[in-house]
Amino acid sequence: METSLFIARIVGPLLGVSGLATLINRTLLEDIGREFLDSKALLFLAGVMALITGLVIVNTHNIWIAGWPVMITAFGWIAVVAGVVRIAFPSLTRRMGAAMLSNRRLMVAIAAVQVLIGIWLSWLGYL
């Protein structure tokens, strides 16, 4: 449980702040997203960082029991898959990213979910 709380204290604020930034600065984040997708180096580096983050979480917190800690494990596995896809299939990542950036409603919905999950994990981790 201590590992779950520790990771929630990191992932919660990260999701909350990044989701909030997207909602507040949507045009800026769209521009950043386009620049990111145009940079092969940044895309590869983001893949490496996501893969490392996911592997750290999965290796320290591979818990599949009913309850909120399973969200931490799911986040870790999602990061592993995201990292592998960014590294191994950059053209797929660019296509998916461009489709997401062109759909404002989807971006707002994802950002809102990020904020809610971020607040929830922060609440669990810090209170």
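What percentage of the 127 residues of the protein count as buried? Before I answer, please keep in mind that what we are looking at is a predicted model. The answer is that 31% of the residues count as buried.

Let me turn to the overall build. The protein holds six helices and zero strands, and if you follow the elements from the N terminus on, you read α-α-α-α-α-α. Along the principal axes, the C-alpha trace spans about 40 × 30 × 20 Å. For a chain of 127 residues, a compact globule would have a radius of gyration near 14 Å, and the protein, with 15 Å, agrees with that. When we take the contacts between residues at least 6 apart in sequence, we find that 76% of them join residues at least 24 apart.

A79 counts as buried because its relative accessible area is 11%, and the cut-off for buried is under 20%. If we leave aside the neighbours within four places in sequence, A79 is in contact with A50, L51 and G54. As for R34, which is 45 residues from A79 along the chain, the C-alpha atoms of the two residues are separated by 21 Å.

Note on methods. Residues numbered from 1 in each chain as written. Predicted model: local features only at pLDDT ≥ 70, side-chain atom pairs only at ≥ 80, totals over all residues. Heavy atoms only, no water. Helix = DSSP H or I, 4+ residues; strand = E, 2+ residues; numbered from the N terminus. Rg over C-alpha atoms; globule rule 2.2 N^0.38 Å. Buried < 20%, exposed > 50% of the residue type's maximum accessible area, 1.4 Å probe, protein only. Contact = heavy atoms within 4.5 Å.
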